[in-house]
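Good morning, colleagues. I would like to take you through one structure, starting with a term that we shall need along the way.

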Amino acid sequence: MISLAILIPAIIAVLALIILFSVLYVKHRNKINKELQEKLSYFQEQIKSFFEEYFELQKQYISEESENAIISKWKSFYSEVKKFHVPKKNDSAEIGHFKKTYSNLHKEIADINAEIKRKESVKELSESVSNFFSELFKQTEQYVSHKTSETFISKWTYISQEAKITDLRKTDDEYEEIERFKTVYSSLTEYFDSANNQFIKNESVKYDSLLSNIDGKSLDEQQRTAVINDEDRILVLAGAGSGKTLTISAKVKYLYDIKKVNPKEILLISFTKKSAQEMTERIQKKLNIPVEATTFHKLGLDIIKKANDFRPEIADENSLAQFVHNFFENEVVNHPDLVKALTEYFAYFLEIPDDLEKHSSLGELYEEEKNADLETLKSKYDREKYIKETGIEKSKVYKTLNNEQVKSKQETQIANFLFMNGIKYEYEKLYPFESEDPQRKAYRPDFYLTDYDIYLEHFGISKDFTVPWLSEVEEKKYLDGIQWKRAFHQEHNTKLIETYSYYSSEGILLKKLQEILEQNGVELKARDFTDVFNTVYASKSNKYFSEFINLCCTFINLFKSDNFKIEQIEELKKTYCESEPSEFLCDRTGLFLDIIKIILSEYQNSLTSNNSIDFSDMINIAAEKVEAGCEIIPYKYVIVDEYQDISKSRFNFLKAIVDKTNAKLFCVGDDWQAIYRFAGSDISLFTDFEKYFGYTKILKIEKTYRNSQNLIDEASNFVLQNPLQLKKQLRSDKKLDYPLVFWGYDEEPYKALEQAFNKIISEFGINSSILILGRTNHDKDILKKSGLFRFSINNRQEVIDYIKVPEVQIDFLSVHKSKGLEADNVILLNFKNDKLGFPNQIADDDVLNLVLTNAEKYKFAEERRLFYVAITRTKNRTFVLTENKNPSPFFKEFKESDSVCFVNIKKVDQEKQTLCPLCKTGTLYKVQHEGRYFVGCSNFPKCDYTLRDATILLNPKKCPACGGFLVKRKGKNHHWFIGCTNYPYCEYTEEIIKDKDGKWLNI
């Protein structure tokens, strides 16, 4: 056991050592801590410097060079920090932040640079947006045209694209302004529209004193809009009587007074010399503006004269019509080819036979052919010969006795072919043999060729020997009738030859007729065409021929206006026939073009021999001069009145001027009143305005100051049946019941005319003016034959006096001449379904579509517009004299109302009428003939349906099996029963039902 003496010193020594080591450790530890603190302080100072430098660097875009420099500069320090072990308790957030920042320095710098770039782009975008709005607000201080708006939109498209891709944030100061830009730009078109509308309103208020006193009249809102609107291309649709001349005058005044446009830089064009003079007088004298209106004629002449240093000799504007009428009157006989072509055209091609297979009933066909001239050429020739030989007075008797009328256009063609080829015939001659069948009527074949003892029947059947336009039972009857006729001829050894309606549908009727005649030994000997022509057509009294001459003039006007050359006629013919399957229509069009070629050639020769050009030539030459770069006034505004009358040549001339000068174009017109096709006008140049001139602002002037609202509504509804007419909603403050009066008459219109006159005078007094309108000048004959009027000449002007009340102011005009005029009341003559009625069906020939820019497919499109013009000439009422027997096809579009009155119009109560089962549109009625009564059809003689039993008219009862009529019949056993009128084709029967008193109940 160790002694205490030894242990104690040992313990003391150990304690001493411990204390010694503790002192040494503390000293060492303090040294280390001191060094650590010094290191940490160093790090902190360096880190502070790093971040100060880094933050300073972040104030701008950090280039790659700057990035590399800071990385390189702090690389060793970073390594030192990274290697240095910092005790946990001394670990510093700054050191950790530094290490993290430095290790991600490249990425951070990239992010910083991206943000700097983003903010710079946002700022740049904001500056552009600010410029955008400044320019936009400046732009909308004036009217902004479509072209200007498109240029503006295009100019700022790149900013719009930038705005879409820019990283815009809600925290950005520029956020709201840039978002506003996006909204505005996306609807900039609507913005400009709204700004323009506001501009117009502001201008209207600002210059109210000017716009409220244009020659003492105040403009309405639509007129003001038209005046102030400054679009590059403006088409103003102006209704009848809406004050378009006032609007044009105000436009000129606004340009001159407000926009300070040089009057020499305003080109104001009107279509006639008279209207240009009136416009000039109104603007210069009443508005005190030195602007002179001109015509296309004068403008073209001035341009040609300036370009060529001489004035060409221009034929009179009516030179074509004068030449053609004179040519036909005096020179045509010297052109045998033309005489032949004209005679064939009138004999075979004036009428276009309707395709029976396109109709659902015979009645539809009859309605289509109501206007047709079904008198044969033979009848016309014989009558004219008779007149020449016996005197005109006796001719009336002859016409009554010898007016040979056939039943269809196809039969007319056949009759005329026989006559023109010297084949003698009798129409519907009674067959010499009688049938033993009591159900058969007396047989009358269509044609009997007297020199050959041949009968010709023209059967209305389709190629597959069916009759789909008839009911099933009527078809069976008709087809059995054909077989019966064939058998009847065979029974009596008479020769029957046949033609069919489907020949006409295929356009080969005349061709097949000739083949059949020649196959049966009939010799064709062509008549003397000159004799037929001189006898039938060359007479001044032949209104058809007169209208055909007008058709030729219309075609030539359109032809020349479109700058066609005579050499192109054959090409026109070829192009047409390549697309037209009907041989008949190809032959018809080809023959017409042959006629035109001869007339046009002679007309051009006449111009050449007189060293002159006509109006169309002159306008075409003027357009070519402008297009070639000749010097013209640098117009800023071109204003055209009555633009609906534009022709292709005038259009080319106008467009050349506008394109060369870059002028704004302001056109005013009314497509509803486009009625001058005969003078070369082409309505498609109006209705398709934008197609030819580019973007167009279409404005409307719809308040009329002439007609009552009642009349406007009727007239508008009528003209808009053609879907190609541009729509307007015309308005009027005038109210008048029955402004449109249809006054019926039966034979001649004289009594109706007198009654209409008396009605006007009694209601409106002797001081109210009456304008009498005719579809053509020929209608004046109605007045002369009536015995109601006295005609005289005063100062070379024809004066018409109503004999009963001579104080009344009366004028007669054709509807064409009345356009632009008005009267207190209007009377319209000749409203009937006739070739020369209303609509005039020669003037509206489809052949004109060959020379129109766009063919008008709507039936009677121009005639419809002409009727609109006629009925809107009145301030009060228009009286339309309407033939009861054959009214105009337009008549059925009007119904009695507060606006439309029928006087002496024969009304048909359809519910009380019994329709014909054969033609389906005629009505059955009681007929008395030679003391006997029977049932006939109102479409007789076209429809020959008859029934012996007239009791069906009292209480018609239809057969449920075939659609015939049920009537009482007596059987072979003398037993009464109910049977069908179509027996034996229909064997339907019913028993007779009797009441307790024996009275028949079901018949």
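Helices, of at least four residues, and strands, of at least two, are DSSP runs numbered from the N terminus. Please keep in mind throughout that this is a predicted model.

Strand E4 covers 425-427 and strand E5 covers 447-449, and alanine 442 lies in the loop between them. Is alanine 442 buried or exposed? Its relative accessibility is 61%, and because exposed means over 50%, alanine 442 counts as exposed. Proline 432 is 10 residues away from alanine 442 in sequence, and the two C-alpha atoms are 9.8 Å apart in space.

Helix H1 spans residues 4-57, and valine 14 is found in it. Valine 14 is partly exposed, at a relative accessible area of 46%. This residue also contributes to a nonpolar surface patch of about 910 Å². The other contributors to the patch include Leu4, Leu7, Ile8, Ile11 and Val23.

The next topic is the aromatic residues. Across the whole structure, a search finds 80 aromatic pairs. One of them joins tyrosine 42 and phenylalanine 77: the ring centres are 6.1 Å apart and the planes stand at 75°, so this pair is edge-to-face. Tyrosine 42 belongs to helix H1 and phenylalanine 77 to helix H3, residues 75-83, so that the pair links distant parts of the chain, 35 residues apart. The partners can also be described by their accessibility. Tyrosine 42 is partly exposed, with a relative accessible area of 33%, whereas phenylalanine 77 counts as buried at 4% relative accessibility.

A second pair is formed by phenylalanine 152 and tryptophan 156. Here the centres lie 6.2 Å apart and the planes are at 50°, so the pair is tilted. Phenylalanine 152 counts as buried, at 2% relative accessibility, and tryptophan 156 counts as buried too, at 5%.

Lysine 784 places its charged end over the ring of phenylalanine 791, at 5.7 Å from the ring centre. Likewise, the charged end of lysine 968 sits over the ring of tryptophan 976, 5.5 Å from its centre.

An open sheet of 3 strands runs in the order E22-E23-E24, with antiparallel pairing. Which strands stand at its edges? They are strand E22, 966-970, and strand E24, 989-990; each has a single partner strand, so one side of each is left without a neighbour in the sheet. Strand E23, residues 976-980, is joined to E22 by 5 bridges, and the two run antiparallel. Within this pairing, leucine 966 stands opposite cysteine 980 in E23.

Another open sheet of 3 strands has the order E19-E20-E21, again with antiparallel pairing. At its edges stand strand E19, 924-929, and strand E21, 946-947, each with one side left without a neighbour because each has a single partner strand. Strand E20, residues 932-937, pairs with E21 in the antiparallel sense over 2 bridges, and valine 935 stands opposite leucine 947 in E21.

Thank you for your attention.

Notes
Residues numbered from 1 in each chain as written. Predicted model: local features only at pLDDT ≥ 70, side-chain atom pairs only at ≥ 80, totals over all residues. Heavy atoms only, no water. Patch = residues over 30% accessible without salt bridge, like charges linked within 9 Å, V, L, I, M, F, W, Y side chains within 5 Å. Areas by Shrake-Rupley, 256 points an atom, 1.4 Å probe, with all protein chains shown as cover. Salt bridge = Lys/Arg side-chain N within 4 Å of Asp/Glu carboxyl O. Buried < 20%, exposed > 50% of the residue type's maximum accessible area, 1.4 Å probe, protein only. Pairing = 2+ DSSP bridges. Phe/Tyr/Trp six-rings, centres within 6.5 Å; stacked < 30°, edge-to-face > 60°. Lys NZ or Arg CZ within 6 Å of the ring centre and 35° of its normal.
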